[in-house]
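Trainee: I am new to this one and would like to look closely at a single part. Could you walk me through some helix packing, and then show me how other places compare in setting?

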Amino acid sequence: MTTMSGSDGASAGGNGGRGWFTPVSDAAAAERPTPAGNETTAASGEAAPRTAAPAADGGAPGADPSGPAQDRARTEVRTEVRTEVHAAHGGPRSRAQPLPQAPGAAPAPAPGTAPAPAPGPIAGTAPAPASAPGAAPASGAAPVSGAAPAPGAAPAPGPVPVAAAVGGFGGSGGGDGGGGELADADLIRASMAELERSSDAATAYFYALLFVQYPHLREMFPAAMDGQRDRLFRALLTAVRLYDDGKLFAEYLANLGRGHRKYGTLPTHYPAVGECLMAALARYAPNSWGPRTEAAWVRAYTAISQTMIDAAAEDEQRAPAWWDAEIVAHERRTAQIAVVTVRPDQPYPFRAGQYTSLETPWWPRVWRHYSFASAPRSDGLLTFHVKAVPAGWVSTALVQRARPGDVLRLGPPAGSMTVDHGTDSGLLCLGGGTGIAPIKALVEDVASHGRPRPVEVFYGARTDHDLYDLETMRHLQDRFDWLSVRPVVASGGAPGTPDALAGELPDAVRRYGPWSAYDGYLSGPPGMIRTGVETLVGLGIPTHRIRHDSLDELVARRA
Ligand SMILES: NC(=O)C1=CN([C@@H]2O[C@H](COP(=O)(O)OP(=O)(O)OC[C@H]3O[C@@H](n4cnc5c(N)ncnc54)[C@H](O)[C@@H]3O)[C@@H](O)[C@H]2O)C=CC1
């Protein structure tokens, strides 16, 4: 058992491992209160106050603790949570400014964009969950297509008893019934491994259930849910993977908790999510599911949500939930690539090499990650490099539609691909495509620290036409004698860049060196990061001296 799950198991009360959310096997789940009328506003990403105000909304969205008496422990813990968060909350610190909407608000594709998914009900994307192998049929209880309403749609049918929806579990016959003692982490991993085999169906089921049970939460999610599904699953997998490493687990979740503030997530939303997650697990991991696994999940989820809630509450003391940022410059470098500069409405502290999440007015609640393309500047401006990718709604809008005066919304900074100023090692930097953005920021960061150290940049692109920022990088090279910039072009020759190296980025790096005394920094497409890390390790740079954004994040970027 891990430290976290152990301690949380205790705090959840000695009720068989039940935490502060309604256990799905609790028959009393059927008595779930109907969401209060003011919840929609509180939960709405658009209308929510910029600082989460868990108690200020007066309501108890989602699974209210005023449930069954036998779940007293849950109520107590939730009361503690609320008190703590409320005490930490000094009232809205910043104005609740809805993000400006495009006329009509309905997201319209920018000219020339790939067809956008139709906003509206996610019926098409949330199929009726099929019965899990071996699971009892969920007769009539499972959410079906059309059950998950889009914002503004008529409310979904009344709550569905979760216990019925999962076909009953938690009693005898559970997949974890016999055998010796297994640690929580083992039980959780076994169930996740089984769930992973039906991850699409399980995630669709989870969201369908969530939106049927708690329709007010639908407004916090984008109209089209495709990307969102992957995100949830990846986040879960990452949390489970880190479960045994107390420090990393806590860091990851704290970051996640802070990042959720911009969605308007409140402590009271966590029980609803936990409950539906358990229902999905019970249904799609039937062979490993049983009372002990359920209890392990309750402890784990309690730990997960508590860490996220605490981190969000703490963050609320020092930072807004989001920043509005007006575009002050928009420069098209190629048909697909734009350099976008924004002025945040409040100081935005970050470190070179980090990234942020960004929402446009045209695709509400659809957030994408972009790295800062400059080190922090004295004028407070932030710059991003955006490439319009096929079917990339946000990236296409940012490249083709955005103009000075438009207002974007930014989440908090994240990422650890930052320069270690405690060493004088050289930096070997691989920037692929728009991945050059944070590399440029790192170069500026080294320059601003006034301690010259060798920085070798390999800047790769498919064609030399795509080397959209080469001039800037060359300009930096002219200014700093410790900096070397080598363009690398993968295919088709480089008539406009005669000095470009030919081939894939990692291959080009191999031709130079030795690199073993350098720290590696990689930024670009996931495939490049993978082969780049292999290459650098092969060239003698140990993995702990190689930095890059998490591959999960990169896959999720879909810029
Ligand atoms: N815009 C931003 O702020 C940032 C973007 N990124 C990511 O960078 C990527 C940029 O995409 P594009 O500009 O379209 O880059 P691209 O697909 O044109 O590739 C750029 C370079 O990466 C190399 N490369 C690509 N796949 C490779 C592989 N499997 N093995 C070895 N080398 C490979 C290419 O040879 C080329 O030199 C996106 O995935 C984006 O998410 C990463 C960090 C920041």
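Mentor: What follows begins with the chain as a whole, moves to the packed helices, and then visits a few other places.

This is a predicted model, in which local features need pLDDT of at least 70 and side-chain atom pairs count only at pLDDT 80 or more, while totals for chains, interfaces and linings use all residues. Residues are numbered from 1 along each chain as its sequence is written, and side-chain values use heavy atoms, with hydrogens and water left out.

Of its 559 residues, 55% count as buried. Here buried means under 20% relative accessible area, exposed means over 50%, and partly exposed is in between, using a 1.4 Å probe and protein chains only. Among contacts between residues at least 6 apart in sequence, 77% join residues at least 24 apart, where contact means heavy atoms within 4.5 Å.

Now to the part you asked about. Two packed helices are described by the angle between their axes and the distance between the axes. The axes are lines fitted to C-alpha atoms, for helices over the stretch in contact, and the angles run from 0 to 180 degrees between N-to-C directions.

Begin with helix α5 (residues 184-196) and helix α7 (residues 226-241), whose axes come within 10 Å and cross at roughly 150°. That angle makes α5 roughly antiparallel to α7; the label applies over 145 degrees, whereas under 35 counts as roughly parallel, 65 to 115 as roughly perpendicular and the rest as oblique. The crossing of α5 past α7 is left-handed, a term used if the near helix is turned anticlockwise from the far one by less than a right angle, with clockwise giving right-handed. Where they meet, α5 brings Ile188, Arg189, Met192, Leu195 and Glu196, and α7 brings Phe233, Leu236, Leu237, Val240 and Arg241.

Helix α7 also packs with helix α8 (residues 246-259): their axes come within 9 Å and cross at roughly 155°. The result is that α7 is roughly antiparallel to α8. For this pairing, Arg234, Ala235, Thr238 and Ala239 in α7 meet Phe249, Tyr252, Leu253 and Leu256 in α8.

Leaving aside its neighbours within four places in sequence, Gln228 is in contact with Tyr207, Phe221 and Pro222. Its C-alpha atom is separated by 17 Å from that of Thr356, 128 residues apart along the chain.

For another helix to set beside these, look at α15 (residues 526-538). It has 13 residues and reaches 18 Å from its first C-alpha to its last, close to the 18 Å expected at 1.5 Å a residue; that expected span is 1.5 Å times one less than the number of residues. Met528, Ile529, Gly532, Val533, Thr535 and Leu536 are buried in α15. Seen down the axis of α15, these buried residues fall within an arc of 165°, so they line one face of the helix; the arc is that of the directions from the helix axis to the C-beta atoms. An α-helix has 3.6 residues a turn, so residues three or four places apart point the same way. On the other side of α15, Glu534 and Gly538 are exposed.

Finally, visit some loops. Asp469 sits in the loop between β8 (455-461) and α13 (470-479), and it is buried, with a relative accessible area of 1%. Not counting residues up to four places away in sequence, Asp469 touches Arg333, His385, Ile436, Lys440 and Tyr459. Ser491, in the loop between β9 (483-489) and β10 (501-502), is partly exposed at 36% relative accessibility. Leaving aside neighbours within four places in sequence, Ser491 is in contact with Arg462 and Thr463.

Most residues other than glycine have a negative phi, and most peptide bonds are trans. Arg365 is not a glycine, yet it has a positive phi of about 65°; its place is in the loop between β3 (355-359) and β4 (367-371). The peptide bond from Gly513 to Pro514 is cis, with omega near 0°.

Terms used: Helix = DSSP H or I, 4+ residues; strand = E, 2+ residues; numbered from the N terminus.
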